[in-house]
Structure formats: C-alpha cells, structure tokens
Amino acid sequence: MAEGDFAFPARLGGGSVFRETEAHIGRLAEHLRQLDRQIADEGLSLRGILASMQEGILIVNREHRITLLNPAMECFFPSRRSPLGRSVLEFFQRHELEKAISLTLETGDSAHLELIFDAAGNGKTAPHRVFDIHVAPLAASGGGIPHAALLVFQDVTAIRALEATRREFVANVSHEFRTPLTIISGYVETLMDGCQEEPEMTERAVSAIHRNVQRLSLLLEDLLTISHLEGRSPMLDFQRVDLHDTLLRVLESLEPEIGNSGMRIEVDWREEARHAEVDARRIEQVYWNLVSNALKHAGGTGGVLRITGVLDGECAKVAFADNGPGIPLDDQAHIFERFYRVRKDRARDAGGTGLGLSIVKNILLAHGGSVSVESTPGSGAVFWMRVPVAQAQNAAQKE
Ligand code: ADP
C-alpha cells in the first residue's frame, strides 16, 4: 500500500483475531484508492485548465526558478532549452520582473506590471509584444510566507495597438479640422474689423470662408463614410450594375474638373466585365475617388488616364493608369491608411482629405474585393480595383 498498490486486502488468515484488523485495512485501502483517483482527476483537470488557458501561467519558487509553465507561455516565449529549472532573470532578462517577484515572495502582496518584450529574436513578424503581468503569492492554506509566486501573462499587444490607433485618429481629425477653422476664424475677424468698405477684401474673405466650410463638410462626410464602412456589417445595396456605364456617369459629372486639369481620359472595357452585383452608389464613390486622385495628383497638360475593365476569374478588374509623378516606393504600402498623404501640404492644397483611398479600400473590402497600387516613381501609377461579379459566390467564400 505504501508503494501505491491498493489491490489490498489479501487475506491475512489466522482466524477471528485478524478479522477486525483485516476489515480496517480493507476500508483504509478503499479510502486511499478513492484519494488516489481524486488526486489523479484533479491533476488531470488542472493540466486541462492550464493547457486551455490563453493566458501564460508560470510558477516560480523562492529561489526564483521556474517550476511550472503552461503551453500558452511556451508559445509566447519559444525557447530551444526548456525553461524549467532556469532562473526568471536568465530566462526573461528583465530586472523589473525579478523585482516584482522578490517583493511578492517577501511581503505576500500581489504585484502588477506591464512589459514590452522584443519578439525579433524568435522569428515573429510582430516587432514586439506587450504583456500585462500579474504576480500573486502562493502560500499554504493557513497563510504564512509564500513558498512560490504565480505569474499570469496576458498578451495585450493588440489592445495597446488599437488604443494607439484611436489616439492617433483623434489627433489627426483634430488637426484636419483645426486648419480650416483657423482660416475661417481669421477671415471672420477681418470682416468684423470692418473690411466691408473694401469690396475686394470682403469678397476674398467670403470665398475663403466658403471654401473652408466646404472642406470641413467634405471631411465630415468622409469621416462618416469611413465609420459606416468600418462598422461590423456595412449595409450594402447589392444590385446587378453596369460597371462601364456607371464609370461614364461619374466621368460626366467630373467634366468640369477634367476640363480644368487638361487630362485626357481613355476608357477600354471588355464586354464580359461589364456587369457585377455591387452597391452602385458605393462603386460610384470608388470611381470618383480614383479618378479625382488622378486629376489632383497626375493632372496637367500631357496627362493621360487610361481606365480598363477586364474579367479576372470571378472578379471584374479595373485599372486606373496615369502618367503622373507616381508614388515613392516607401509610401506605397501606406497610401490606403486613413489621413496618409505623400506630400502633405501639396495634397491638402489640392483639396485632399487623405481619406479617399481608405474609403476606396473599405468599400471594396465590404464587397469582398480589393484594391492595390503599382507605381514606378516618375512614370505614373496604376490603381487596380477588383470586385466579385456575383455576391452569392462571395458569401459562399465567407462561410
Ligand atoms: P487625398 O485626399 O489626399 O487624395 P487619398 O487617400 O485619396 O488622399 O490619397 C492618399 C495619397 O496618395 C495622396 O495624398 C497622394 O499623395 C497619393 N496619391 C493618390 N493617388 C495618386 C496618383 N494617382 N498619383 C500620385 N499620387 C497619388
């Protein structure tokens, strides 16, 4: 029994003297067997809990050596050598963590800290990971000095990145609103100072105010569109639409701008790529943004924009190729981000909000499509938009 064999009792023999002892030992063996099963079950549950937890769990003894860790922890910090038995300082190389553990083991109080770990060493693509770490004392049930510390690692990288994006977004929006507001308030002051007697000045002030009010409402409109499109499920009104005719309508309404820019526009469309199930109003917006970008950034005498529509598998693929200055290689990956402009002041002067391409991207993603750019700086840019011709196909792919 001492060796864990509870198949007892064997018969002791020897008559009634031993019968009572035999019964006692039998009960004892049964009791031990139940305890053994209970411990095994608890061990199994504990291992199951530790394995299924998304948080990394680590137990460190009083010598600061790692005595247990769960699979999530091994995933967070992959290492060729087992961390078991190694010291916390050697494994994590972070004095702040070492200090928090010492404090918890000395005082019995929990500690809490947030640390950024470099993930460069282990081949991860993320440059770093941020962990929220809770250090709790482990003491015997009666209390007393902790015999170990329990560390819970929660990966908060995505949450912190989201918070940073939100802060950046608010800062960008404020900045974008401040510029026209400052201009408006400057001209309003001029008007209030009595420049009414100078009709030329009054006219300049009023038209500047008008221009900047328009800019503010464009910004608001773009922001509302983005917030709608980035919602969980943007409501799109899918209908069979003639992609080619829709483009011609957009070009017609942009005629004044096209005339002013001096750009020549050529359209070439394959019959099989004419129709797709899309939200016509949103696709008009995509066309509008891509064409006006070409006019703004690549317009001028000699400027040509070639728009071609072809069928590519299950998608209609439309290319907008201009012969303007193109986009520097370093900027190409960022131009679909909100508020990103290549040449900030020039683009703002041209009336851009820096939201146009982000809107294009979100509209096409909501359709199950995509947008991309190819550009050799100095020799123009090509924007490719792809949109599935049938939404049933798109929905089936999502499932
Ligand atoms: P904006 O409102 O400033 O045009 P977008 O999001 O539409 O903002 O475009 C982002 C940036 O991409 C622009 O500021 C511009 O620098 C660059 N860009 C977009 N289209 C073109 C183009 N056809 N040629 C050159 N640069 C372009």
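Trainee: By its relative accessibility, does Gln332 count as buried or exposed?

Mentor: Buried is a matter of relative accessible area: under 20% is buried, over 50% is exposed and anything in between is partly exposed, with a 1.4 Å probe and protein chains only. Gln332 has a relative accessibility of 15%, so this residue counts as buried. Keep in mind that this is a predicted model, in which local features need pLDDT of at least 70 and side-chain atom pairs count only at pLDDT 80 or more, while totals for chains, interfaces and linings use all residues. Residues are numbered from 1 along each chain as its sequence is written, and side-chain values use heavy atoms, with hydrogens and water left out.

Trainee: What does the side chain of Gln332 reach?

Mentor: Here we look for a polar contact, a pair of N or O atoms within 3.5 Å; within protein, one must be able to donate a hydrogen and the other to accept it, and residues adjacent in sequence count only if both atoms are side-chain atoms. Gln332 belongs to helix α10, and its side chain comes to 2.8 Å from the backbone oxygen of Ser375. Helices (H or I, at least four residues) and strands (E, at least two) are DSSP runs numbered from the N terminus.

Trainee: Which backbone atom lies 3.1 Å from a polar atom of the side chain of Ser261?

Mentor: That atom is the backbone nitrogen of Met263. Ser261 is part of helix α8, residues 255-261, and with a relative accessible area of 14% this serine is buried.

Trainee: How many residues surround the ligand, and which are the closest?

Mentor: The shell holds 19 residues, and the closest are Asn293, Asp322, Thr353, Gly354 and Leu357; a residue is taken as near when one of its heavy atoms lies within 4 Å of the molecule. Read the polar pairs next: a polar side-chain atom of Asn293 is 2.9 Å from an oxygen atom of the ligand, an N or O atom in the side chain of His297 is 3.1 Å from a ligand oxygen, and a polar backbone atom of Val342 is likewise 3.1 Å from an oxygen atom of the ligand. On its own the ligand exposes 530 Å², of which the protein buries 98%; such areas come from the Shrake-Rupley method with a 1.4 Å probe, and for residues only the protein chains shown count as cover.

Trainee: Which elements give two or more residues to the shell around the ligand?

Mentor: They are α9 (280-298) and α12 (356-366), and α9 gives the most, with four residues. By class, the shell has nine nonpolar, seven polar and three charged residues, where Ala, Val, Leu, Ile, Met, Phe, Trp, Tyr, Cys and Pro are nonpolar, Asp, Glu, Lys and Arg are charged, and the others, Gly among them, are polar.

Trainee: How many aromatic pairs does a search of the whole structure find?

Mentor: A pair of aromatic rings is described by the distance of the centres and the angle of the planes. The search finds 14 aromatic pairs, counting rings of Phe, Tyr and Trp (its six-membered ring) whose centres lie within 6.5 Å, with planes under 30 degrees apart called stacked, over 60 edge-to-face and the rest tilted. Phe77 and Phe153 have ring centres 5.8 Å apart and planes at 80°, so this pair is edge-to-face. The pair links distant parts of the chain, 76 residues apart, since Phe77 is in the loop between α2 (71-76) and α3 (88-92) and Phe153 is in strand β5, residues 148-155. Phe77 is buried at 15% relative accessible area, and Phe153 is buried at 0%.

Trainee: Which residue lies over the face of Phe117?

Mentor: A charge sits over a ring if NZ of Lys or CZ of Arg is within 6 Å of the ring centre and within 35 degrees of the ring normal. Arg94 lies over the face of Phe117, 5.2 Å from the ring centre, and the charged end of Arg338 sits over the ring of Phe169, 4.3 Å from its centre.

Trainee: What is the phi of His64?

Mentor: Most residues other than glycine have a negative phi. His64, although not a glycine, has a positive phi of about 65°; this histidine lies in the loop between β1 (56-61) and β2 (66-69) and is buried, with a relative accessible area of 12%. Phe339 also has a positive phi, near 70°, in the loop between α10 (329-332) and α11 (344-349), and is buried at 8% relative accessible area.
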